[in-house]
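Hi everyone, thanks for coming.

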Amino acid sequence: MSEKITPSDGNVFADLGLPHPEEALAKAQLALRIASIIKKRGLSQTQAAHLLGTPQSKVSYIVTGQLSGFTIDRLMRYLTALDAEVEIIVCDKQNTSPLHVALG
């Protein structure tokens with residue numbers, strides 16, 4: 001029996017038919033960066049929670065990808081609390097005159 005392989009469009013959340021796949025992908029990418037910074041700095045979840053001003057359980061949710069209780073805004077604030085610079089780029093579909101907003 002051969003398996004049917006369907007190529008991805010680049011967003012696994014869209015591929016799975018989940019609601020709001022673009023938001024889910026953005027949250028996953030932000031959480032991955034948060035987890036990466038925590039690991040790179042050798043922080044415990046308790047130490048990271050102190051820096052982020054949140055309970056340790058929230059840090060655990062982030063590093064394990066349980067992101068339903070988090071907004072993109074909140075994840076970006078956590079990144080700036082970890083001394084990361086967050087840049088938002090807004091442009092129309094023709095990619096003219098992009099707006100750059102830097103946080104942190």
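Let's begin with a pocket. If you sort the residues lining the largest pocket by type, you get 5 nonpolar, 2 charged and no polar ones. Before I go on, please keep in mind that this is a predicted model.

So which residues line that largest pocket? They are L30, R33, I37, L79, A84, E85 and V86. Helix α2 gives the most to this lining, with 3 residues. As for the space inside, the largest pocket holds about 160 Å³.

Now to the core. The largest nonpolar core is made up of 19 residues, and I34, I62, L75, Y78 and L79 are the ones with the most contacts inside it. Where does this core come from? At least two of its residues are supplied by each of α2 (21-41), α3 (45-52), α4 (56-63) and α5 (72-81). The largest share, 5 residues, is from α2.

Let me zoom in on L75. Which residues does L75 touch, if we leave out those up to four places away in sequence? The list is K27, L30, I34, I62 and F70.

F70 brings me to the rings. How many aromatic pairs are there? The count comes to 1. It is formed by F70 and Y78, with ring centres 6.4 Å apart and planes at 70°; the pair counts as edge-to-face because that angle is over 60 degrees. Are these two residues buried or exposed? F70 is buried, at 4% relative accessibility, and Y78 is buried too, with a relative accessible area of 6%.

Last stop, the backbone. Most residues other than glycine have a negative phi. H20 has a positive phi, near 55°, and sits in the loop between α1 (12-15) and α2. Its relative accessibility is 57%, so H20 counts as exposed. The other is D83, with a positive phi near 65°. You'll find D83 in the loop between α5 and β1 (86-90). D83 counts as exposed because its relative accessibility is 67%, and the cut-off is over 50%.

That's my tour, and I'm happy to take questions.

Note on methods: Residues are numbered from 1 along each chain as its sequence is written. This is a predicted model: local features need pLDDT of at least 70, side-chain atom pairs count only at pLDDT 80 or more; totals for chains, interfaces and linings use all residues. Side-chain values use heavy atoms; hydrogens and water are left out. A nonpolar core is a set of buried Ala, Val, Leu, Ile, Met, Phe, Trp, Tyr and Cys residues joined through side-chain atoms within 4.5 Å. Buried means under 20% relative accessible area, exposed over 50%, partly exposed in between (1.4 Å probe, protein chains only). Helices (H or I, at least four residues) and strands (E, at least two) are DSSP runs, numbered from the N terminus. Contact means heavy atoms within 4.5 Å. On a 1 Å grid over the protein atoms alone, a cavity is a set of points where a 1.4 Å probe fits but cannot get out, and a pocket is an open set with protein on both sides within 12 Å along at least five of seven lines; lining residues have an atom within 4 Å of a point. Grid points are joined across faces, edges and corners, and a volume is the space filled by probe spheres set on the points. Ala, Val, Leu, Ile, Met, Phe, Trp, Tyr, Cys and Pro count as nonpolar, Asp, Glu, Lys and Arg as charged, and the others, Gly among them, as polar. Rings of Phe, Tyr and Trp (its six-membered ring) pair if their centres lie within 6.5 Å; planes under 30 degrees apart count as stacked, over 60 as edge-to-face and the rest as tilted.
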